Amino acid sequence: MHRRLFPRTLALVALVATVAAAGALPATAESPTPAATRLHATIDAILADARLEGAQAGVVVADAATGRTLYDRNGDRRLVPASNTKLLTSTAALALLGPGHRFTTDTLTDGRRRAGLVSGNLYLRGGGDPTMLAADYDALAAQVAADGVRMVTGSLVADDTRYDSTRLGPEWAWDDESYYYAAQVSALTVAPDADYDAGNVIVRAAPAGTVGAKPVVTMTPPNGYLRIDNRAETTADGETTLSFERTHGGNTIVVTGRIAVGAEPTSDWMTVWEPTGYAAAVFRDALRRHGVRVLGPTVLGRATPADATPVARHDSMPLAELLVPFLKLSNNGHAEVLTKEIGRVISGSGSWPAGLTAISEYVADAGVDTGTLRQLDGSGLSRRNLIPADEFVALLAAVRREPWFDTWYAALPIAGNAERLVGGTLRSRMRGTAAANNVHAKTGSLTGVSGLSGYVTDADGRMLVFSVVFNNHLTSSVKELEDQIAIALASYRERDGGTARATPPVAPESPRTPEGGECSWVKPIVC
């Protein structure tokens, strides 16, 4: 497989070409300009912040066109990247699946049909679509009814065999299991709303009308698959202290705490145990509403026969559109589904190992030195992922030559842009600075881990690629330091002696994020 030139190689080629043309080394190769010297001093001062004492930092900045490195601090050090990992997954998905790739969910029958009676099974076959809403299952059921089916004598078979049965990624924390960002991965699932956090249900609790009564608890979508154990109480006054927990290995959600009469309702996103069964339950309810009766039980995980007859079909949005909620909101489930889908399409195995092998081969072909990193999931939730900052920079520079680059670049979060599906996880960061509506970058957050990698246009109009990865910090957030670096790069001017300054720029306070999550401005997390 041909390996493309990556930024370090590009820099060498550019230098050789300059020497050949001019007959001498350019002055910048031997002596940095005053502006470059000030830029180094500025970033050094940012990294000397007390919040990074005892922590690790990898920071690399390069000219996107020439590959010339402008700054490198521990660029080759392997660090836990958190959601910066999605840069590898998303670019590989575009290259290997294509921007037009869609997921298909369909229904089929294997029995003899006479009038409205099917003497056999009805199959719900999952294609991995992480954007399937209850409304989409309702539309599928309406198609089944419109095809004339009124009764199925056999079972409703939920076919999730496009992917393997491994539901959780390697080294995912056990205590993250019930949180929306650590949902189980299945080829057949349900998303509760248009954020498309598949494998989740939204639980909402509102105060009862009388003191001492239990709050009114509802779920979106409504379903009988999960059970609510409501132990909470409505009080006369006081702070809302409601808590939602799903028990391990089951689908009972325990609601505890207090909420005052007249208080605003509170909501939480909770993962579902076994999303295949969740999807089947939502679909069976939809069939019933449309007058279709399935007499047999629901059966999970059985493959659809090759000669089954198609009845109804739903195609997802193309990957180019899915990139927006995926990258803007840092959707972990999308990353994991795409990893398994890559494996299925490339090698016929819808598994993490197969998908990660294909991702590694793609990024290696793009110029990333895959011998220096380890990727064990698609989203970055695993703490066993280790990726040096300079390999992110290599990838960011290389993919600018891809035909889908503009689509991918637009899908990255954009600093300081208040529109939720434009600014994404950078929506409230770097507002009112030179980086606002300029920096396109992927964020990353785990406890003790923070990252920002992407693109910035400097004051000379050059596109720079950069990666900032912090590990092992004890303070709750170091995102302000990432922002200071990005603002310094956006303000950097080299051509006229420069405005790059030797003191760190002031960055607006950045949001805090929980373990595994990114700020989404809808979900109940601290932003």
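**Inside the packing**

Author: Let's start at Val 465, which touches Val 60, Val 61, Ala 62, Ala 64, Val 393, Leu 396, Ala 397, Gly 454 and Tyr 455, leaving out residues up to four places away in sequence; contact here means heavy atoms within 4.5 Å. This is a predicted model, where local features need pLDDT of at least 70 and side-chain atom pairs count only at pLDDT 80 or more, while totals for chains, interfaces and linings use all residues. Residues are numbered from 1 along each chain as its sequence is written, and side-chain values use heavy atoms, without hydrogens and water.

Val 465 belongs to the largest nonpolar core, which has 62 residues. Such a core is a set of buried Ala, Val, Leu, Ile, Met, Phe, Trp, Tyr and Cys residues joined through side-chain atoms within 4.5 Å. Buried means under 20% relative accessible area, exposed over 50%, and partly exposed in between (1.4 Å probe, protein chains only). Leu 319, Leu 395, Val 399, Trp 408 and Tyr 455 are, with Val 465, the residues with the most contacts inside this core. A second, separate core of 40 residues includes Leu 124, Leu 156, Met 219 and Val 311.

You will find Val 203 in strand 10 (residues 200-206), and it is buried, with a relative accessible area of 0%. Helices (H or I, at least four residues) and strands (E, at least two) are DSSP runs, numbered from the N terminus.

Now look at Asn 331, in the loop between helix 7 (319-328) and helix 8. Asn 331 is buried too, at a relative accessible area of 3%. Among the residues that Asn 331 touches are Lys 86, Asp 195 and Phe 326.

Lys 86 also takes part in the contact of helix 4 with helix 8, as do Leu 96 and Leu 97 of helix 4 and Leu 338 and Ile 342 of helix 8. By class, that contact has nine nonpolar, three polar and two charged residues; Ala, Val, Leu, Ile, Met, Phe, Trp, Tyr, Cys and Pro count as nonpolar, Asp, Glu, Lys and Arg as charged, and the others, Gly among them, as polar.

Ile 342 of helix 8 also has a part in the meeting with helix 9, where Trp 352 and Leu 356 are among the partners. The contact of helix 8 with helix 9 has seven nonpolar, four polar and two charged residues.
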